[in-house]
Amino acid sequence: MKTTEEMSTLAQKETQEQINGLVLAFREEIMAELQMASDFMSQLQARVETLSKSFKKKQEEDREQEVFLDTDVRTKMKQLFEKHEELSSKLENLLGQKDSLGEHDEGGEDDLRQQYGIYPGHTHFVPVDKFCLQYLPDGHRDKGLNDMMKALADLTVSVSVIRTSPHRPRFEPNTKVSYYLYNMRGSTNLRTGSGLVQQVTMITDKLCPCHECQHSDEPKDRYWKVVIITAANVVFDNTEAFHTRCKFFYDTENSPDIVLKVQGNSFNKNMNFDFSSFSCFTCDETLGNKLEERWHLYLRLKMIVNKKYIKNASKKKIKCNSFNNKCNFIN
């Protein structure tokens, strides 16, 4: 018969074996769970790699499709743009043909002289050398007005341009109207217009910059700066100004040729009001004194005439064709 001590030892041994068995079983269970987790992670990683490859492949396919679509769209846009350019060019040509019906700037003075006599709406032209009081409307036959108009005629110049700037804009400012001579950019066709002496200044503290003095060993130190104003569509920029000549006192067929070349960097322009200005220089004392005298005379007479007629403005107006120095009465 076993003693109590032996029975106690046996019980402890059985308990220890049970505990060891439980620990072993738990360990095996945990190892199985870990293996399952590892397998799941492997499967998940494989799935992620598969999805990643599919995504990259889809991206490449989409990119190829986008490139195809982008190329197709750009091709169609280019075709549309070229078509638009073609139609715009045709429209500009049509507008140019339409505008040319009323324009007389292209060509020389002989062409203008022939055409101005039958200019639509303008009749009874009077050459400036024959103009006198009897050609003024009733109520305006005033010597001051007559003298002012003759002084204004003396300040009128013929502007000849032999170069059309390549920088002329496509349209008039803030419009879709084709700008004058846009299709003639870069051409060397002669065109003529008119201008007006805006200011005459005698200069005595610098050497004359005129063409003759620039090539002279003894340049003059007394000369006149003559500022001319005209339409911006006649002389558009410095390029055209450099190829511009101005003829003064061109009253009759037998008038002497008094021509000055535009010089300096004094070109100014305002396209919104369609005017440009530039300068000519002369050290010819006869011409300089005559222009300065006529300019001051015109300013004095203009002030007198304005004061006399400003309060009694007539509906009948006088239209001056400054290019040919002729006048026309308009009701």
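Trainee: Why is the contact between Asp 147 and Lys 143 called a salt bridge?
Mentor: A salt bridge is a side-chain nitrogen of Lys or Arg within 4 Å of a carboxyl oxygen of Asp or Glu. The closest N and O atoms of Asp 147 and Lys 143 are 2.7 Å apart, so the pair meets that definition. This is a predicted model, in which local features need pLDDT of at least 70 and side-chain atom pairs count only at pLDDT 80 or more, while totals for chains, interfaces and linings use all residues. Residues are numbered from 1 along each chain as its sequence is written, and side-chain values use heavy atoms, leaving out hydrogens and water.

Trainee: What makes Lys 143 exposed?
Mentor: Exposed means over 50% relative accessible area, buried under 20%, and partly exposed in between (1.4 Å probe, protein chains only). Lys 143 has 57%, and therefore counts as exposed, whereas Asp 147, at 26%, is partly exposed.

Trainee: How do you know that the side chains of Asp 257 and Lys 247 meet in a salt bridge?
Mentor: Their N to O distance is 3.6 Å, which is within the 4 Å of the definition. The pair links distant parts of the chain, ten residues apart, with Asp 257 in the loop between β5 and β6 and Lys 247 in strand β5; strands are DSSP runs (E, at least two residues), numbered from the N terminus.

Trainee: Which of the two partners is buried, and which exposed?
Mentor: Lys 247 has a relative accessible area of 14% and is therefore buried, while Asp 257, with 60%, is exposed.

Methods
Helices (H or I, at least four residues) and strands (E, at least two) are DSSP runs, numbered from the N terminus.
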